[in-house]
Amino acid sequence: MTISKSGWIYELAILGRVTWSLHSLNNEGQIGNVMEPRSLMLADGTATDGISGEMLKHIHAAAVWALEDHKEKFCAGCRVLDPMRANLNTNVTQTKTVEEATDRALSDCQLCDLHGFMVQRPTVHRISTIQFGWAVGLPQATHTSIHQHARHAVGERGRSAARVTQEGSPEDETDVPGTARAVRSSATQMLYSRPTRSGTYALVSLFQPWRIGLNTVTYRYVEGLDRRARYRLALQAYQTMFWRTDGAMTATRLPHLEAFEGVLVIARRNVPVPVLSPVNEEYRSGIERLVKTHKGAMESLAFDDIQGFVSALQALAASEPYALSIPVGESE
Ligand SMILES: [Zn+2]
């Protein structure tokens with residue numbers, strides 16, 4: 001299927017399967033010196049690997065920040081990527097009403113507008129216009145291995161080097177292939193374990209351009225905002241977050257992107273887009289059938305690689321974020 005070159009865009013769903021190899025994008029936490037990977041349970045009771053929506057959303061927000069040349073378009077909190085966002089914006093916290101606070105937060109900052117915020121006083125929150133579910137490892141296509149590494153103590157390495165070279169090459173911060181050597185050099189090494197994962201992950205994301213600039217207390221759009229620029233920035237951030245994915249432990253486990261396929265679902269008017277899980281093999285044909293039930297209001301576009309994904313999003317940049325039309329004042 002194809003998409004129109006222009007028109008309104010109410011919502012966009014990105015449903016896909018991405019293959020990342022040899023990464024450690026998201027972990028449960030550290031137990032002793034062992035890092036535990038994330039673990040999920042599916043509806044049928046299968047345990048599998050996953051990457052949290054929090055992590056994916058954080059990666060998207062960081063891409064929004066990186067792609068904006070003019071950091072003054074962010075509030076004081078978002079300029080330094082502080083997760084407190086609008087709560088650190090004194091223009092917001094000095095207002096007296098939630099209506100005013102929301103207006104101010106949206107007009108001061110495009111990241112607060114796109115990714116949402118929570119302000120303590122006055123107490124108001126805004127739901128993100130960009131949402132991510134867990135990226136779920138397909139159980140038959142996900143593998144985890146645990147590698148042990150050693151970090152040598154400064155000043156001790158020279159003394160132990162002679163012993164190490166008898167066994168093999170000297171190491172700095174290295175893998176430890178066998179425990180015998182690890183025990184022998186334990187006086188000079190800190191040993192730790194790290195997971196490395198490879199797999200194909202099902203991912204779901206929803207973007208709601210109709211809510212950009214919308215004060216969801218008054219249900220009026222804040223005047224003077226460039227909604228289109230914010231929309232385009234969010235689309236660009238989707239592109240870069242998948243062509244090079246940031247996350248945890250990328251200093252030593254920068255993910256290998258091997259494949260990315262999926263489907264974009266686009267609502268041209270006020271129809272909430274369907275979100276089918278790519279855990280199910282038939283998700284693309286399922287979407288196609290649903291889109292046909294609202295011909296003219298919805299479109300879908302399948303992509304088979306990262307290049308197809310990027311060019312589809314670039315084509316969507318010509319669309320305009322949908323605006324609700326709600327009469328102001330009391331009804332008769
Ligand atoms: Zn902000």
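1. Helix 1 of this predicted model has a set of buried residues, namely Met55, Leu56, His58, Ile59, His60, Ala61, Ala63 and Val64. These buried residues pack against strand 7 (50-51), helix 5 (110-115), strand 10 (130-132), strand 11 (135-152) and helix 8.

2. The length of helix 1 agrees with expectation, because its 15 residues, at 1.5 Å a residue, should span 21 Å, and the end C-alpha atoms of the helix are 21 Å apart.

3. Between helix 1 (53-67) and helix 2 (76-79) runs a loop in which Cys75 is placed. Is Cys75 buried or exposed? Cys75 has 26 other C-beta atoms within 10 Å and is therefore buried, the cut-off for a buried residue being 20 or more.

4. When neighbours within four places in sequence are left aside, the contacts of Cys75 are Arg85, Ala86, Asn89, Asp108, Cys109 and Cys112. For one of these pairs, Cys75 and Cys112, the separation in sequence is 37 residues, while their C-alpha atoms are 7.9 Å apart in space.

5. Cys112 also belongs to the largest nonpolar core, which has 70 residues and in which Ala105, Cys112, Ala234 and Val265 have the most contacts. The element that gives the most to this core is helix 8 (residues 227-243), with 8 residues; helix 8 is also among the elements against which the buried residues of helix 1 pack.

6. Ala105, if residues up to four places away in sequence are not counted, touches Ala86, Asn89, Val92, Cys112, Phe117 and Val119.

Conventions: Residues are numbered from 1 along each chain as its sequence is written. This is a predicted model: local features need pLDDT of at least 70, side-chain atom pairs count only at pLDDT 80 or more; totals for chains, interfaces and linings use all residues. A nonpolar core is a set of buried Ala, Val, Leu, Ile, Met, Phe, Trp, Tyr and Cys residues joined through C-beta atoms within 7 Å. A residue is buried if 20 or more other C-beta atoms lie within 10 Å of its own, exposed if 12 or fewer, and partly exposed in between; C-beta atoms are placed from the backbone. Helices (H or I, at least four residues) and strands (E, at least two) are DSSP runs, numbered from the N terminus. Two residues are in contact if their C-beta atoms, placed from the backbone, lie within 7 Å. The expected span of a helix is 1.5 Å times one less than its number of residues.
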